Amino acid sequence: MSTPDTQLRPPRHRVSRTAIGYWSVRALLGWLVLLLAEFGWLLTGIGGHSSAPLITLIITGSLAVAHVAVMPQWRYRVHRWEVTSHAVYTQAGWFNQERRIAPVARIQTVDSERGPFEQLFGLANVTVTTASAAGPLRIHGLDRDIAQRLVEELTARTEAVLGDAT
């Protein structure tokens with residue numbers, strides 16, 4: 001039976017506001033690869049005097065601008081997390097949104113990760129692994145110091161629970 005502290009509900013905390021810039025840069029870099037390839041197609045003239053390369057470049061550029069302008073803000077509004085004495089809550093996504101809860105007693109491992117771009121932005125990701133078939137809970141875009149404290153707190157709580165978390 002669930003208590004008020006372990007019911008599925010929106011988590012209270014947002015990720016770091018810096019994540020908006022991080023997500024923007026990552027999205028922009030992905031689009032730049034495609035745009036450069038299309039620009040090369042336009043310059044080489046492959047396909048004769050067709051306007052297809054230019055039209056494709058304009059459409060891709062428009063989609064890129066829309067994606068980079070909307071997606072990071074949208075993700076920031078959706079991505080949330082919270083840790084209580086009994087559970088870890090996450091909410092993530094932008095088109096497909098997912099809300100999950102993991103009781104502290106079910107936690108098996110707690111990990112943090114920082115790739116090169118996260119390090120540049122002072123961010124980190126925390127992964128909470130349980131025995132659930134749904135897979136681990138992931139909190140992306142946390143401030144590096146908050147992520148470190150969260151890992152320490154969850155590790156201490158997990159160690160305090162007797163049993164093997166299965």
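This is a predicted model: local features need pLDDT of at least 70, side-chain atom pairs count only at pLDDT 80 or more; totals for chains, interfaces and linings use all residues.
Four strands make an open sheet, in the order E1-E2-E3-E4, and their pairing is antiparallel. At the edges stand E1, residues 13–14, and E4, residues 98–103. Each of those has a single partner strand, so one side of each has no neighbour in the sheet. If you look at E1, two bridges join it to E2, residues 80–83, and the two run antiparallel. To find that spot on your screen, pick Arg-14: its bridge partner in E2 is Arg-80.

Packed on this sheet is helix H4, residues 144–160, which touches E2 and also E3, residues 87–92. The direction of H4 makes about 40 degrees with that of E2.

With 17 residues at 1.5 Å a residue, H4 should span 24 Å, and its end C-alpha atoms are 25 Å apart, which agrees.

Which residues of H4 are buried? They are Ala-147, Leu-150, Val-151, Leu-154 and Thr-158. These cover an arc of only 100 degrees around the axis, so they sit on the same side of H4.

Let me finish with the aromatic rings. The model has four aromatic pairs. One of them is Tyr-22 with Phe-121, an edge-to-face pair at 5.9 Å centre to centre, with 70 degrees between the planes. Tyr-22 lies in helix H1, residues 18–44, and Phe-121 in helix H3, residues 116–121, so this pair ties together parts that are 99 residues apart in sequence. Are the two partners buried or exposed? Tyr-22 is buried, with a relative accessible area of 6%, while Phe-121 is partly exposed, at 24% relative accessibility.

And there is one more aromatic group to look up: Trp-74, Trp-94 and Phe-95 form one cluster.

Terms used:
Residues are numbered from 1 along each chain as its sequence is written. Side-chain values use heavy atoms; hydrogens and water are left out. Rings of Phe, Tyr and Trp (its six-membered ring) pair if their centres lie within 6.5 Å; planes under 30 degrees apart count as stacked, over 60 as edge-to-face and the rest as tilted. Buried means under 20% relative accessible area, exposed over 50%, partly exposed in between (1.4 Å probe, protein chains only). Two strands pair if DSSP finds at least two bridges between them. Contact means heavy atoms within 4.5 Å. Axes are lines fitted to C-alpha atoms, for helices over the stretch in contact, and angles run from 0 to 180 degrees between N-to-C directions. The expected span of a helix is 1.5 Å times one less than its number of residues. The arc is that of the directions from the helix axis to the C-beta atoms.
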